[in-house]
Amino acid sequence: MVFFKKGYTKPLLIQRRLYSQTQQPSPHIMFYKNYARPLGKVMLFALTTYYGLDLLWWKMNSKEEEAEKKAELETLAASLK
């Protein structure tokens with residue numbers, strides 16, 4: 001580290017850039033580069049749809065059970081009178 005009046009200067013480093021080589025990537029890597037994002041989107045939409053419909057079914061089922069219980073209580077209350 002050398003400090004000058006103008007400030008700190010980084011020492012020059014020679015780096016090999018691996019991406020500059022003309023070597024072809026493996027087919028395994030290319031599969032994921034090409035298809036990972038579309039498959040991820042499909043999975044995300046599928047899971048969102050599944051859990052959304054499951055929540056909707058759960059809500060409708062609970063309302064139906066609540067209405068059945070209320071009707072049963074009304075019939076029992078009417079039989080006591």
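**Figure 1. Glu68 in helix 1 of the predicted model.** Glu68 is part of helix 1, which covers residues 27-80. The structure shown here is a predicted model. With a relative accessibility of 49%, Glu68 counts as partly exposed, because that class lies between the limits of 20% for buried and 50% for exposed.

**Figure 2. A patch of negative charge on the surface.** Four residues, Glu64, Glu65, Glu68 and Glu72, gather in this surface patch.

**Figure 3. The aromatic pair of Phe31 and Tyr32.** Three aromatic pairs are present in the structure. In the pair of Phe31 and Tyr32, the ring centres are 5.3 Å apart and the planes stand at 80 degrees, so the pair is edge-to-face. Phe31 has a relative accessible area of 41% and is partly exposed. Tyr32 is also classed as partly exposed, at 47% relative accessibility.

**Figure 4. The aromatic pair of Tyr50 and Tyr51.** The rings of Tyr50 and Tyr51 form an edge-to-face pair, with 5.1 Å from centre to centre and 75 degrees between the planes. Both Tyr50 and Tyr51 are exposed.

**Figure 5. A cluster of aromatic rings.** Phe31, Tyr32 and Tyr35 are linked into a cluster by ring pairs.

Technical notes: Residues numbered from 1 in each chain as written. Predicted model: local features only at pLDDT ≥ 70, side-chain atom pairs only at ≥ 80, totals over all residues. Heavy atoms only, no water. Patch = residues over 30% accessible without salt bridge, like charges linked within 9 Å, V, L, I, M, F, W, Y side chains within 5 Å. Areas by Shrake-Rupley, 256 points an atom, 1.4 Å probe, with all protein chains shown as cover. Salt bridge = Lys/Arg side-chain N within 4 Å of Asp/Glu carboxyl O. Lys, Arg positive; Asp, Glu negative; His and termini not counted. Charge placed at Lys NZ, Arg CZ, Asp CG, Glu CD. Helix = DSSP H or I, 4+ residues; strand = E, 2+ residues; numbered from the N terminus. Buried < 20%, exposed > 50% of the residue type's maximum accessible area, 1.4 Å probe, protein only. Phe/Tyr/Trp six-rings, centres within 6.5 Å; stacked < 30°, edge-to-face > 60°.
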